[in-house]
Amino acid sequence: MYSHTAHGIPFYHQNLRPGRRQDANDVGSALRSPLLDEFRANKARKWELRDIYSYIVEFSGDQHGSRFIQQKLETATSEEKQGVFDEIVPDNALQLIQDVFGNYVIQKLFEHGTQVQKTVLANTMEGHILPLSLQMYGCRVVQKAVEFILPDQQASFVRELDPHVLKCVKDANGNHVIQKLIERVSHERLGFVNSFRGNVYDLSTHPYGCRVLQRCFEHLPEETTRPLMDELHKYMINLMQDQFGNYVVQFVLEQGKPQDRNQVIAKLRGQMLNMARHKFASNVCEKALVTAGIEERRILIDEIIMPKTDGVSPIVSMMKDQFANYVLQRALTVAEPDQKEILIAKIRPQLVSMRRYSSAYSKHLISIERLLERTINASKASDKPADYPSLLHKPVN
């Protein structure tokens, strides 16, 4: 029943029929105990935890048995919990932690066990925190453990991962463990965050690293994150255009300190049209329009309204562009009344012209037209003095 992972941890797995694909229902029934076979077949019987004592490990590794134990642990007596615990810990804990079904039973022990049981269970994991964090099911148990163990034991987990933290950050499983540590462990114990310095651009442009960096800004104090934020500002324009970095920039706009948000918006000045036409940076433009203060927003929208030195109107370019049109729509929804009036006056004739001369009336132009109609109707309903004539044509369905 046991093999070894690449990391040298004993690994529990179900006995499967040879030559068949592994799936949840393809367990080798010939290798199941008669009790588990009866449990799977006899749904009418009212089963209790005491009915499966001596078979807890086998049931934990079975889809139906695991679900049964999980449900029972939520309301189990102290004696029943101890009975389950004693069969699993310490000899079978590591195997079940890495098992597709067994990991859920271990998580329930962390949720509903006594503090002593949680400590003993976590002790069995110590020395294996790195490989468990990199394993698909083990990483879930490590995260759950972090939520329920005492601070000193949290610190022990951190020490094991400290030399390998960047590896974990960039791992599909390990990054979730690092995020959980940042969320739950006292910042004084998170020395590994210092290793992010000098790597901010690399982390921001990584599919997992960008998430970890956001958790740092979200949960850690200013003195810890300021060096990271200052480093981030050096690459802001490039990050706006990155498929992952743009999320970090949006996070700064939405949840960052006012001075950091202002720095990001300042970088957008003079770049609104170019950035609005970019697949990823257009998201940043929209977020900036929403989060900016009134005066900053006016400056950004003025940049959209004013023709370029060559006479080309940014509005025309944005209406035709598959990404910039969304930024234009956002500007229309958040603009102050006077700027909104100017936008409407400039957009309306362009819609008429584009509909008349364009054989491909794209969906985003329809969206702009419908938004324009709603904006005009809302302005009329609010009893404002401005008079907006209706559009010459109804939206195309």
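This is a predicted model: local features need pLDDT of at least 70, side-chain atom pairs count only at pLDDT 80 or more; totals for chains, interfaces and linings use all residues.
Residues are numbered from 1 along each chain as its sequence is written, and side-chain values use heavy atoms, with hydrogens and water left out.

View 1. Residues 87-123 are 73% helix and 0% strand, and their end C-alpha atoms lie 16 Å apart. For residues 124-159, the end C-alpha atoms also lie 16 Å apart, with 75% helix and 0% strand. Helices (H or I, at least four residues) and strands (E, at least two) are DSSP runs, numbered from the N terminus.

**View 2. Helix α6 and its packing partners.** Eight of the eleven residues of α6 are buried, so this helix is largely enclosed by the rest of the structure. Buried means under 20% relative accessible area, exposed over 50%, and partly exposed in between (1.4 Å probe, protein chains only). Look for Gly102, Asn103, Val105, Ile106, Gln107, Lys108, Leu109 and Phe110, the buried residues of α6. They pack against α2 (56-60), α3, α4, α5 (93-97), α7 (115-125) and α9 (138-148), where contact means heavy atoms within 4.5 Å.

**View 3. The salt bridge between Glu74 and Lys108.** A salt bridge is a side-chain nitrogen of Lys or Arg within 4 Å of a carboxyl oxygen of Asp or Glu, and by this rule the count comes to 21. In the pair shown here, the closest N and O atoms of Glu74 and Lys108 are 2.6 Å apart. Glu74 sits in the loop between α3 (63-73) and α4 (78-88) and Lys108 in helix α6 (residues 102-112), so the bridge ties together parts that are 34 residues apart in sequence. Glu74 is partly exposed at 43% relative accessibility, whereas Lys108 is buried at 14%.

**View 4. Arg226 with Asp230 and Asp260.** Arg226 is buried, with a relative accessible area of 19%. Its side chain meets that of Asp230 in a salt bridge (3.2 Å, N to O); both residues lie in helix α15, four residues apart, about one turn of the helix. Asp230 is partly exposed at 39%. Arg226 also forms a salt bridge with Asp260, the closest N and O atoms being 2.8 Å apart. Asp260 belongs to helix α18 (residues 258-268) and Arg226 to α15, so this pair ties together parts that are 34 residues apart in sequence. Asp260, like Arg226, is buried. Elsewhere, salt bridges that share partners join Glu74, Lys108, Glu111 and Lys144 into one network.

**View 5. The second largest pocket.** Its volume is about 170 Å³, the space filled by probe spheres set on grid points joined across faces, edges and corners. A pocket is an open set of points on a 1 Å grid over the protein atoms alone, where a 1.4 Å probe fits, with protein on both sides within 12 Å along at least five of seven lines; lining residues have an atom within 4 Å of a point. Of the 13 lining residues, Phe217, Thr225, Met229, Gly256 and Lys257 lie nearest the centre of the pocket. Helices α14 (209-219), α15 (222-233) and α17 (245-255) are the elements giving two or more residues to the lining, and the largest share, four residues, comes from α15.
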